[in-house]
Amino acid sequence: MIEAKSLKYNLSDLEPFISAQTLSFHHQKHYQGYVNKLNELIAHTDFEGLSLEEIILRSASDTLYTAVFNQAAQVYNHEFYFDSLSPASSTKDISSSLNKLIEKDFSSVESLKEKLVEVGLSVFGSGYVWLVYEEDHLKVLPFSNALTPLVKGGMTPLLAIDVWEHAYYLDKQNLRAAYLKEVVDHLLDWSFVSSNLKQMGVSE
Ligand code: MN
């Protein structure tokens, strides 16, 4: 049984950039729906009792389990996205090791933000833009639908931004660029990104 995770902020805390209405639908309907569907699919199977990460890794390599993979990866992707946001976003929370990598691969935080918007806009249909750490480099990559960097060997996920329309349609209608720009400028939890990098043993 996979338990749904609570948000680390209140539904209205991301306003005016993401409304309580959007976040309420996103967390309580979309995300909760993926959790419920996953639990239905894994009940009385070999997946029952495994951690979310184990379910994703085991189901990813077998097309027989595509439905399980899609639901499990969507649970993981959403938890990562919600944790990537904070009402107290501050670039002061960028650790020195993260800052070194940002300067090496993007030259500045501003350029990294522009890249996140550009790649987020390049996702055709539904998906996510991810910031990952791979082979001593930071990379900004588009992932379609439920695909997740968790299953890419050697890739450590640091940050995710959901660009499925349900993430912004109530607030911005079809204007994905406006949503992305506000998220990168006002809502990214740089402390979360820094701690994900630190867990990889990347020293200060
Ligand atoms: Mn979503």
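Entry 1: I looked for salt bridges across the interface of domain 1 and domain 2 and found zero by the rule, which asks for a side-chain nitrogen of Lys or Arg within 4 Å of a carboxyl oxygen of Asp or Glu. I note that the model is predicted, that local features need pLDDT of at least 70 and side-chain atom pairs pLDDT 80 or more, and that totals for chains, interfaces and linings use all residues. Residues are numbered from 1 along each chain as its sequence is written, and side-chain values use heavy atoms, without hydrogens and water.

**Entry 2: polar contacts.** I then recorded 10 residue pairs in polar contact between domain 1 and domain 2, both residues at pLDDT 80 or more. A polar contact is a pair of N or O atoms within 3.5 Å; within protein, one must be able to donate a hydrogen and the other to accept it, and residues adjacent in sequence count only if both atoms are side-chain atoms.

**Entry 3: the domains.** I took the bounds, 20-83 for domain 1 and 91-197 for domain 2, from an automatic or database domain assignment. Their C-alpha centres lie 21 Å apart.

**Entry 4: contact and area.** I found 20 residues of domain 1 in contact (heavy atoms within 4.5 Å) with 23 residues of domain 2. The buried area, meaning the accessible area (1.4 Å probe) that two parts lose on being put together, summed over both, is about 1,800 Å², with 66% from carbon and sulfur atoms. In domain 1, the most area is lost to domain 2 by Thr-22, Phe-80 and Tyr-81, together 34% of what that side buries.
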